[in-house]
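Colleague: I've just opened this one and could use a hand. Can we walk through it together?

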Amino acid sequence: MAQEGISVRIPNLYKMQRALIEMGASKKELANASFEAGQITADAIKGFIPVRSGKLRSTVKAARVARKVIVTVGNNTTATYAAPVAFGWLFVGPGHEKMAKSKHVKTGKPNITPRRFMERAIRATRQKVLDTYIDNLQKLVDKYERKVNS
């Protein structure tokens, strides 16, 4: 299993999903398997997320997608500020070589320190999400293997 950043790659997952669909599993069943795993991370993010009004917390959602686990934070209407809160927003002006060395650049522009709530939640739940997702896929394999063999 190769890990890149805060994502996890499962070797041959696509082949397994294709085999499940060929055995009779629906994309909705695969989506439900990923949704259940994603909901674990979504709940953890809600615990780590900074709260002022609760708008940002209310936008944390696990997606129902057949091929992977996706959790989103923020949207284009009520919480457009999700990325700056999570990853920070640093404005570097003139003389940035010296200023970049300091943690907080004082330029009069918006400087937001990254909160990294998504990364902390993903790291805290990574193994549980992986185990849940693989268990859900195994349940589907067992279910459709019985149907194919009977």
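This is a predicted model: local features need pLDDT of at least 70, side-chain atom pairs count only at pLDDT 80 or more; totals for chains, interfaces and linings use all residues.

Colleague: What is the idea behind a salt bridge?

Modeller: Oppositely charged side chains can pair when their charged atoms come close. Here, the side chains of Glu-29 and Lys-143 make one, at 2.7 Å from N to O. Glu-29 sits in helix 2 (residues 27-48) and Lys-143 in helix 6, so this pair ties together parts 114 residues apart in sequence.

Colleague: And at what angle do helix 1 and helix 6 cross?

Modeller: Roughly 35 degrees, with the axes of helix 1 (residues 13-23) and helix 6 (residues 117-149) coming within 10 Å. The crossing is left-handed.

Colleague: Which residues of helix 1 and helix 6 meet there?

Modeller: From helix 1, Leu-13, Met-16, Gln-17, Leu-20 and Met-23; from helix 6, partners including Tyr-133, Leu-137, Tyr-144 and Val-148. By class, this contact has 10 nonpolar residues, one polar and one charged.

Colleague: What about the second largest pocket: what lines it?

Modeller: Its volume is about 270 Å³. Among the lining residues are Pro-50, Arg-52, Lys-55, Tyr-81, Ile-112 and Arg-115. The whole lining of the second largest pocket divides into six nonpolar, three polar and three charged residues.

Conventions:
Residues are numbered from 1 along each chain as its sequence is written. Side-chain values use heavy atoms; hydrogens and water are left out. Axes are lines fitted to C-alpha atoms, for helices over the stretch in contact, and angles run from 0 to 180 degrees between N-to-C directions. Helices (H or I, at least four residues) and strands (E, at least two) are DSSP runs, numbered from the N terminus. A crossing is left-handed if the near helix is turned anticlockwise from the far one by less than a right angle, and right-handed if clockwise. Contact means heavy atoms within 4.5 Å. Ala, Val, Leu, Ile, Met, Phe, Trp, Tyr, Cys and Pro count as nonpolar, Asp, Glu, Lys and Arg as charged, and the others, Gly among them, as polar. On a 1 Å grid over the protein atoms alone, a cavity is a set of points where a 1.4 Å probe fits but cannot get out, and a pocket is an open set with protein on both sides within 12 Å along at least five of seven lines; lining residues have an atom within 4 Å of a point. Grid points are joined across faces, edges and corners, and a volume is the space filled by probe spheres set on the points. A salt bridge is a side-chain nitrogen of Lys or Arg within 4 Å of a carboxyl oxygen of Asp or Glu.
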